[in-house]
Amino acid sequence: MIRFYNTLSGRLEEFKPVKPGEVRLYTCGPTVYDYPHIGNYRAYIFEDLLKRFLLFSGFRVRHVMNITDLDDKTIRGARSQGIPLADYTRKYIEAFFEDIKTMRILPADVYPRATEHIPDMVRMVKGLLDKGYAYIKEGSVYFSIEKFPAYGRLSKINLDELKAGARIDSDEYEKESVHDFALWKKAKEGEPFWETELGPGRPGWHIECSAMSTRYLGPTIDIHCGGIDNIFPHHENEIAQSEAYYGQKFVNYWLHCHHLVVEGEKMSKSRGNFYRLRDLLNKDVDPLDLRFLLLSTHYRKMLNFTFDNLAQAKAARQRIIDFVYELEHRTWASGSEPQVSALADKTLTEFTKTLADDLNISAALAVVFDFIREINLGLTRDMIKKTEAEKILKTIYKLDEILAILPEKKDENLPAEILEKIELRQKARKEKNFKLADSIREELRQMGIILEDTKEGIRWKKIK
Ligand code: AMP
Ligand code: ZN
């Protein structure tokens, strides 16, 4: 059984998609007004863990992630540089696609952009006006939250002090200013606008996700994700718009990750603790060490980013890499030890079982490290035979379908030129020409390859 914590009910619930075997997943994507920071990647990596786990469990997953290329922040950015919106957002969109590849985040099936879906949004806003959920005020259209009695259920806000008819135009606001919110904003001097049946203007941010999720996933989706900052007002407003318009449940499971903070504090440029992913990669941080760090705290816990934690994550990941290296480079006695094979099976089952419990990654990683400890013990006692070694490796690679933290296999293929040098050194050693052998070894070291002579033969290792 798979269970997830649903923000809507505030409980752990058994996960059952509408269509058996198929999951429709919507995740709020980047607002492309800057390069994404590591907090954003906490959200994307939690979503990637969820998706990889669902795929691993045999579901087909249809995943849609929007690109917010039209909102208050992107417009402000483009204006400040005096360039068209599309020119401003382009480099951030490109950077995002590059970065998710670097972070081994599986691509979504569709990445709809707000600027390319204006007609869908207009249709929805018109429908909300027709149904009486929305009203026009000075050329803009607002959602009347008192018309939607379920308003506030997701974020559990208190509506008692709601001022009837008070409105808010900005895309982002705090719980304290819960108001009717803008669905369509009248054209303003210096802002991009579209000529539509609603008059000249542009959509509010919230209607974008309602319109684009429905276009690609239908009116009811299985799982909708984001960071906790999205719960109010963004997701609360999405529910109001979509359910008022379609008259059916919008999302069955709402999953939100807690925030990433830096050295215990909220990231902010003024505090000097604000890290874009690129800032870290430029400091020579290995993206997969960072992936491992972001992955390894349970998604509903706050994640405290520190360079010490990053060093610990690096060391833990290295333990897994070294383990794989050891298994791939030993020579094995033939035969089998059934209990080792059973341990590998048990590890895989336990790993999946813990993840099925609301993505309990800490417990899942504990299972992996217990396995490594046990097998290492077996290695020192010469208990691992060829059949098991293969099975152990297969198990680790299977786990890595979810973790995605092992170095690329292709790293293992050395260029022919290096292989030749290794052979040349072997020959020199056989001929007892140790001077030549040593000089080749040093030459290889300069090239980043370390050779080790073991009783099973020669082994090599890449250094950075
Ligand atoms: P944005 O680009 O601001 O629209 O955010 C993209 C995603 O990142 C959303 O799911 C946000 O909730 C999430 N997010 C933003 N800041 C943080 C943070 N500090 N920690 C975790 N997730 C975040
Ligand atoms: Zn959204």
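I take helices as DSSP runs of H or I with at least four residues and strands as runs of E with at least two, numbered from the N terminus.

**Entry 1. Ground rules.** I am working on a predicted model, in which local features need pLDDT of at least 70 and side-chain atom pairs count only at pLDDT 80 or more, while totals for chains, interfaces and linings use all residues.

**Entry 2. The chain overall.** I counted 14 helices and 15 strands in the protein chain. Its C-alpha atoms fill a box of roughly 90 × 50 × 35 Å along the principal axes. Of its 464 residues, 52% are listed as buried (under 20% relative accessible area; exposed is over 50%, partly exposed in between; 1.4 Å probe, protein chains only). I then looked at contacts (heavy atoms within 4.5 Å). Among those with a separation of 6 or more, 74% come from residues 24 or more positions apart.

**Entry 3. Domains.** I noted three domains: domain 1 takes in 18–135 + 208–266, domain 2 is 320–403, and domain 3 is 416–462. The bounds come from an automatic or database domain assignment. For domain 1 and domain 2, the centres over C-alpha atoms are separated by 37 Å. I found six residues of domain 1 in contact with nine residues of domain 2.

Entry 4. I traced an open sheet of four strands in the order 4-3-10-11, with parallel pairing (two strands pair if DSSP finds at least two bridges between them). Strand 4 (60–65) and strand 11 (251–257) are the edges; each has a single partner strand, so one side of each lacks a neighbour in the sheet. From one strand to the next the twist averages 20°. I checked strand 10 (residues 221–227) against strand 11: the two run parallel and are joined by six bridges. One residue pair I followed is C225, whose bridge partner in strand 11 is L255.

Helix 6 (residues 231–246) packs on this sheet and touches strand 10 and strand 11; its direction makes about 170° with that of strand 11. I take axes as lines fitted to C-alpha atoms, for helices over the stretch in contact, with angles from 0 to 180 degrees between N-to-C directions. P233 lies in helix 6, and I found a cis peptide bond joining F232 to P233, with omega about 0°.

**Entry 5. Helix 12 and its partners.** I looked up helix 10 (residues 338–356) against helix 12 (residues 386–403): the angle is about 10° and the axes are 9 Å apart. That makes helix 10 roughly parallel to helix 12 (under 35 degrees; over 145 is roughly antiparallel, 65 to 115 roughly perpendicular, the rest oblique). By class, I have ten nonpolar, three polar and four charged residues in this contact. Nonpolar means Ala, Val, Leu, Ile, Met, Phe, Trp, Tyr, Cys and Pro; charged means Asp, Glu, Lys and Arg; the others, Gly among them, are polar. The helix 10 side includes L348, F351 and L355, and the helix 12 side includes I392, L399 and L403.

I then turned to helix 1 (residues 38–56), whose axis comes within 8 Å of that of helix 12 and crosses it at roughly 135°. Helix 1 is therefore oblique to helix 12. L49, R52, F53 and F56 in helix 1 meet K398, E401 and I402 in helix 12. I list four nonpolar, no polar and three charged residues here.

Entry 6. I found strand 5 (residues 134–137) and strand 6 (residues 140–143) paired in the antiparallel sense over four bridges. K137 has S140 as its bridge partner in strand 6. The two strands form a hairpin with two residues between them, and E138 in the turn has a positive phi of about 50°.

S144 lies in the loop between strand 6 and strand 7 (167–168). I class S144 as buried because its relative accessibility is 5%. Neighbours within four places in sequence aside, S144 touches Y133, A134, Y135 and D180.

**Entry 7. Other positive phi values.** Most residues other than glycine have a negative phi, so I noted the exceptions. E263 has phi near 45° and lies in the loop between strand 12 (260–262) and helix 7 (277–282). D284 has phi of about 70° and lies in the loop between helix 7 and helix 8 (287–295). D284 is exposed, at a relative accessible area of 70%.

Notes. Residues are numbered from 1 along each chain as its sequence is written. Chains are lettered from A and ligands numbered from 1 in the order in which they are written. Side-chain values use heavy atoms; hydrogens and water are left out.
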